[in-house]
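Student: Hi! I have a structure open and would like to talk it through. Can we go step by step?

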Amino acid sequence: STAIARCCTAAVYLEKSMGIFFSVGNWVELVPFILHCVQIGNTTQQTSIDSMEQHAGIGALVTLRKLLEDIPNRVAAEAPSTSFHELVPALLTCLQSPIQTRRKEALACLNVFIFPMPGSLVANMDRYLGGLSALASDESAEIRQLVCQGIVSLLSQRAEYIKPHFASIVTFMLTATSDAD
């Protein structure tokens, strides 16, 4: 998975520096493979990061995050639609993982999805908001920061989804801004 991440990052670099076009649609196995690795990691009962399934799942999440950060709209538009629409529910399941790295990477991916706002995220918005709420008190400062980023992104892009929860969000944001981490 590190090799895939490096290939994807290198492809984006080539595109930006040399005008060579990278298309997710030309690598049709990529998103289904990432999805498969994430799903296997979700079904593994191990709470340790030491299993091969967890390594594959975390590597897939990191790869997906890097792709989404570099070319979010193209991933949404060019990935095979069946696999792409299954990504959001798989990422939402990762938010409940006992492994901090899985939660962090999945939340980072979901936060990037806010700007292209695929239909699968809209359909699962209640689960996403529930995941943000559950992670608001996570022991990891990085995860709590990602929760704040997700809320801010939703406020700037699609505030209508969080209006019903505005009072609790304001309370959380006030608490979060006074957090030393």
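Student: Let's start with α2 and α3. At what angle do their axes cross, and within what distance do they come?
Tutor: Good place to begin, and keep in mind that this is a predicted model. Helix α2 covers residues 30–43 and helix α3 covers residues 52–70. Their axes come within 8 Å and cross at roughly 135 degrees.

Student: Which residues make the contact?
Tutor: From α2, the contact is made by Leu-30, Ile-34, Cys-37, Val-38, Ile-40 and Gly-41. From α3, the residues include Ala-56, Gly-57, Ala-60, Leu-61 and Leu-64.

Student: Let me zoom out. How many helices and strands does the protein have?
Tutor: The count is ten helices and zero strands. Along the sequence, the pattern reads α-α-α-α-α-α-α-α-α-α.

Student: And what share of the 181 residues is buried?
Tutor: Buried residues make up 46% of them. There is a figure for contacts too: take those with a separation of 6 or more, and 67% of them are between residues 24 or more positions apart.

Student: New topic, aromatic rings. How many aromatic pairs are there?
Tutor: The structure holds one aromatic pair. The rings belong to Phe-84 and Phe-113, with centres 5.4 Å apart and planes at 80 degrees, so the pair is edge-to-face.

Student: Why those two values?
Tutor: A pair of aromatic rings is described by the distance of the centres and the angle of the planes.

Student: Where do Phe-84 and Phe-113 sit in the chain?
Tutor: Phe-84 is in helix α5 (residues 81–94), while Phe-113 is in helix α6 (residues 100–113). They are 29 residues apart, and the pair links distant parts of the chain.

Student: Is Phe-84 buried or exposed? And Phe-113?
Tutor: Phe-84 counts as buried, at 2% relative accessibility. Phe-113 is buried as well, with a relative accessible area of 1%.

Student: On to α8. Which of its residues are buried?
Tutor: In helix α8 (residues 125–135), the buried residues are Met-125, Tyr-128, Leu-129, Gly-131, Leu-132 and Leu-135. They cover an arc of only 155 degrees around the axis, which puts them on the same side of α8.

Student: What's on the face of α8 turned away from its buried side?
Tutor: That face carries the exposed residues Asp-126, Ser-133 and Ala-134. As for the buried residues of α8, what covers them includes α5, α6, α7 (119–123) and α9 (141–157).

Student: You mentioned α6 and α9. How do their axes cross?
Tutor: The axes of α6 and α9 come within 10 Å and cross at roughly 15 degrees. The two helices are therefore roughly parallel to each other. Their crossing is left-handed.

Student: Which residues meet there?
Tutor: Among those in α6 are Arg-103, Leu-107 and Asn-111, and among those they meet in α9 are Ile-143, Leu-146 and Gly-150.

Student: How about Gln-157? Where is that one?
Tutor: Gln-157 is in helix α9 and is partly exposed, with a relative accessible area of 38%. If you don't count residues up to four places away in sequence, Gln-157 touches Ile-114 and Phe-115. Gln-157 and Ile-114 are 43 residues apart in sequence, and their C-alpha atoms are 7.4 Å apart in space.

Student: Last one: what is the phi of Met-117?
Tutor: Met-117 has a positive phi of about 45 degrees, although it is not a glycine. Most residues other than glycine have a negative phi. You'll find Met-117 in the loop between α6 and α7, and it is buried, with a relative accessible area of 11%.

How values were computed
Residues are numbered from 1 along each chain as its sequence is written. This is a predicted model: local features need pLDDT of at least 70, side-chain atom pairs count only at pLDDT 80 or more; totals for chains, interfaces and linings use all residues. Side-chain values use heavy atoms; hydrogens and water are left out. Rings of Phe, Tyr and Trp (its six-membered ring) pair if their centres lie within 6.5 Å; planes under 30 degrees apart count as stacked, over 60 as edge-to-face and the rest as tilted. Helices (H or I, at least four residues) and strands (E, at least two) are DSSP runs, numbered from the N terminus. Buried means under 20% relative accessible area, exposed over 50%, partly exposed in between (1.4 Å probe, protein chains only). The arc is that of the directions from the helix axis to the C-beta atoms. Contact means heavy atoms within 4.5 Å. Axes are lines fitted to C-alpha atoms, for helices over the stretch in contact, and angles run from 0 to 180 degrees between N-to-C directions. Angles under 35 degrees count as roughly parallel, over 145 as roughly antiparallel, 65 to 115 as roughly perpendicular and the rest as oblique. A crossing is left-handed if the near helix is turned anticlockwise from the far one by less than a right angle, and right-handed if clockwise.
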